[in-house]
Amino acid sequence: MGPTDFNGTLTAASEKEVDVLNGHIESGLSGLSHSTVYINSLPTPLLLYKSVNRITVTSVVVQNLDPRQVTKSESSVSPIGFPMEHHQWSVQLYNGIAMPILGLGTTHNGGYNHESVVYALKDCGYRLVDTAKRYGTEAFIKEAILDSGVPREDIFLTSKLWPADYGQAKVLPAFQGSLERLGTDYLDLYLLHWPEVPTGIPDRRRCLDETWRALELLVESGKCRAIGVSNFLEHHLDSLIENASIIPHVNQCEFHPYQNPLSLRHYCQELGIQFEGYCPLAKGRILDDPVVVQVSQKNGKTPAQVLLRWSIQNGVVTIPKSTKLSRVRENFEVLSPKYELDHEDMIALNNLRFTHRTLKVVDLSRMRQTIDNKLADGYKLKMSKNVFPKSVHSVSKPIE
Ligand SMILES: NC(=O)c1ccc[n+]([C@@H]2O[C@H](COP(=O)([O-])OP(=O)(O)OC[C@H]3O[C@@H](n4cnc5c(N)ncnc54)[C@H](OP(=O)(O)O)[C@@H]3O)[C@@H](O)[C@H]2O)c1
């Protein structure tokens, strides 16, 4: 019996003193990334021991919640050559679902390349794909998943509800549209894209509450395994949670060393909400930062790899995007243990927030304007010459 087959109490780990790091303790058990581990009766994502450095573990209970999370691969090495247990690195959402800590972004901004998504899934071992109705890439991703040959149930698929589709009556049709375009009958994670509603909606708070309730019903009906939000600050979370019956499982926000919202991250941690970081490379704008370059030279890694590894070592799920195969691979390699940054590197990168904390590559002050514009989903694809969906890729011609 392998560790992921285990359900029950591990007596060997009882009455053991363990370290507390940043309010959390590690289970100390390997190979259990697809299970819920309860330590002293608390699910591990909710463990918070802020004022102590060590605690005594009196009980450890392991529960396998969802067989879809147990990877079927027979190989013990990832397709690009490092141990599978690292290839499968994941965090656990507070409902027990495992979410890969590194995935592939697929925004319409900067183009889309069918081959790089297929390569990510098939040849590298990515198992998380992040998309959104707004990106206009959902139908492309369906094709890429099919062409990769990776079973749907091995992939953690995220999509997002655009604010124009907020409101009780609109959520289900929008969700069904995403399912159809993606060629699936469930999502692993569905996010409210932004905490704002279109102009003209008389009661913003009510609209968001009703929308969130509709997402809760998707979980209750088994159509979504987890639900969450994106770009939500503390006050947005407070307001949503007041009338919610499910606390968001995830909050996806901009995250890189120049945009490191520590108080929001702590707030999410207290609520058991997994923090997921978008634009981990700041769209390429901080790759030449002197500290990033110095850490990359010291470790013999690229600046992009340093930034991704920094996210992962902060416990933040990260979803870099690249339309280039070599970079897709370069970004995935950071899951190898060889890429570990030491304490000194982490402190140097963490400290960048004091000098550059205001740099945001996604301008949320224009959120309302963007929601109200009548541009079609995926409109940025039409502005890029770097678009190669499957339909045109075979003739190697960019989309017009
Ligand atoms: N929830 C939200 O509101 C929200 C907002 C923004 C983004 N997101 C999600 O987060 C994902 C990631 O964010 P992002 O795509 O905006 O930005 P990003 O991942 O920080 O950066 C992507 C840019 O970096 C380049 N790049 C990728 N890997 C590289 C490497 N190893 N070395 C050098 N350059 C590299 C890419 O160019 P090439 O393609 O030429 O390689 C692209 O221009 C998105 O794709 C999307 O899924 C969510």
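Student: Does Leu93 count as buried or exposed, and how many C-beta neighbours does it have inside 10 Å?

Tutor: Before the answer, please note that this is a predicted model, in which local features need pLDDT of at least 70 and side-chain atom pairs count only at pLDDT 80 or more, while totals for chains, interfaces and linings use all residues. Residues are numbered from 1 along each chain as its sequence is written. As for the term, a residue is buried if 20 or more other C-beta atoms lie within 10 Å of its own, exposed if 12 or fewer, and partly exposed in between, with C-beta atoms placed from the backbone. Leu93 counts as buried because it has 24 C-beta neighbours inside 10 Å. Leu93 sits in the loop between strand S7 (90-92) and strand S8 (98-100), and its C-alpha is 10.0 Å from that of Phe275, although 182 residues separate the two in sequence.

Student: What are the numbers of helices and strands in the protein chain, and what share of its residues counts as buried?

Tutor: Helices (H or I, at least four residues) and strands (E, at least two) are DSSP runs, numbered from the N terminus. By that reading the protein chain has 15 helices and 18 strands, and 40% of its 400 residues count as buried. Two residues are in contact if their C-beta atoms, placed from the backbone, lie within 7 Å; among contacts in the protein chain with a separation of 6 or more, 76% join residues 24 or more positions apart.

Student: Where is Pro389 found, and why is it buried?

Tutor: Pro389 belongs to the loop between strand S18 (387-388) and helix H15 (390-393), and it is buried because 20 other C-beta atoms lie within 10 Å. Its C-alpha is separated by 5.7 Å from that of Asn113, which is 276 residues away along the chain. Phe388 lies in strand S18 and also counts as buried, with 20 C-beta neighbours inside 10 Å.

Student: Which residues of helix H5 are buried, and where around the axis do they lie?

Tutor: Helix H5 (residues 204-220) has 17 residues and reaches 24 Å from its first C-alpha to its last, close to the 24 Å expected at 1.5 Å a residue, where the expected span is 1.5 Å times one less than the number of residues. The buried residues of H5 are Leu208, Thr211, Trp212, Ala214 and Leu215. They lie on the same side of H5 because they cover an arc of only 150° around the axis, the arc being that of the directions from the helix axis to the C-beta atoms. These buried residues pack against H4, strand S13 (189-192), strand S14 (227-230) and helix H6 (234-242), whereas the face of H5 turned away from its buried side carries the exposed residues Arg205 and Glu220.

Student: How do I read a positive phi, and what is the value at Cys279?

Tutor: Most residues other than glycine have a negative phi. Cys279 is not a glycine, yet it has a positive phi of about 50°; it is placed in the loop between strand S16 (274-278) and helix H8 (290-299) and counts as buried, with 25 C-beta neighbours inside 10 Å. Asn231, also not a glycine, has a positive phi of about 65°; it is found in the loop between S14 and H6 and counts as partly exposed, with 19 C-beta neighbours inside 10 Å.

Student: At what angle do helices H3 and H4 pack?

Tutor: Two packed helices are described by the angle between their axes and the distance between the axes. Axes are lines fitted to C-alpha atoms, for helices over the stretch in contact, and angles run from 0 to 180 degrees between N-to-C directions. Helix H3 (residues 138-148) and helix H4 (residues 168-182) pack at about 35°, with their axes 7 Å apart. Glu138, Ala139, Ile141 and Lys142 of H3 make the contact with Ser178, Arg181 and Leu182 of H4.

Student: Finally, which residues come nearest to the ligand?

Tutor: A residue is near a molecule if its C-beta atom, placed from the backbone, lies within 6 Å of it. Of the 28 residues around the ligand, Gly105, Tyr278, Leu281, Ala304 and Lys321 come nearest, while helix H10 (residues 325-332) supplies the largest share of the shell, 3 residues.
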